[in-house]
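Have a look at the model first, then read on.

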Amino acid sequence: MSVNPDLQGRSYPPTAPYAVGREKIREFAAAVQAAHPAHADVEAARALGHADLVAPPTFAVVLAQRAEQAVVQDPDSGIDFSRVVHADERFTHHRPIVAGDELVATATVEAVKSLGGHSMVTTRADIATVAGEPVSTVRSTLLVRGEDA
């Protein structure tokens, strides 16, 4: 089964709210070796003018992947996740993510391209507070290997 080209332009409902906790920020920072004190020490973050701990910039991927699950799990998508290779990820931040944020993400399929038996699927995840304040935009491209690859 190949990727359905009609996915292009399709948007999915927002994810359930995700509460950004201090321990999640600390764990993520440790995992990606982001050693700035503002990721682990509340006073260091407040000294920089933030309300609480600041997440590393790539923390937005946690929310983006939750939104992208809707695309991958869409029975109409034709995406076999066992054949997926992550090709690209780009972040545009509108403001830092901090502990205490409650965020949702909405996925939209921006492009579906066929490349010699493979498919490239580019999604955009718009991350916002539950009140609608934009926080980050994450663009991700998946390479879905063809069945002969």
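Which residues does Thr106 touch, not counting residues up to four places away in sequence?

## Ground rules

A quick note on the source: this is a predicted model, where local features need pLDDT of at least 70 and side-chain atom pairs count only at pLDDT 80 or more, while totals for chains, interfaces and linings use all residues. Residues are numbered from 1 along each chain as its sequence is written, and side-chain values use heavy atoms, with hydrogens and water left out.

## Around Thr106

Back to that question: Thr106 touches Tyr12, Pro14, Ala67, Arg124, Ala125 and Asp126, where contact means heavy atoms within 4.5 Å. You'll find Thr106 in strand β3, residues 102-115. (Strands are DSSP runs of E, at least two residues; helices are runs of H or I, at least four; both are numbered from the N terminus.)

Thr106 counts as partly exposed because its relative accessibility is 23%; buried means under 20% relative accessible area, exposed over 50%, and partly exposed in between, with a 1.4 Å probe and protein chains only. Ala16 sits 90 residues away along the chain, yet its C-alpha atom and that of Thr106 are separated by 9.9 Å.

## Partners of β3

Strand β3 pairs with β1 (residues 18-19) in the antiparallel sense over 2 bridges; two strands pair if DSSP finds at least two bridges between them. Here Tyr18 stands opposite Leu103.

With β4 (residues 118-129), β3 also runs antiparallel, joined by 12 bridges. Val109 in this pairing stands opposite Thr123. The β3-β4 hairpin has 2 residues between the strands, and Gly116 takes a positive phi near 50 degrees there.

## The core

What does the largest nonpolar core hold? It has 34 residues, and Phe59, Ile79, Ile97 and Ile127 have the most contacts inside it. (Such a core is a set of buried Ala, Val, Leu, Ile, Met, Phe, Trp, Tyr and Cys residues joined through side-chain atoms within 4.5 Å.) At least two residues each come from α1 (22-31), α3 (60-73), β3, β4 and β5 (134-144), and α3 gives the most, with 7 residues.

Take Phe59: leaving aside neighbours within four places in sequence, Phe59 is in contact with Tyr18, Val20, Lys24, Ile25, Phe28 and Ile97.

Gln33 is found in the loop between α1 and α2 (42-47). Gln33 isn't a glycine, but has a positive phi of about 55 degrees. Most residues other than glycine have a negative phi. Gln33 counts as exposed because its relative accessibility is 71%.
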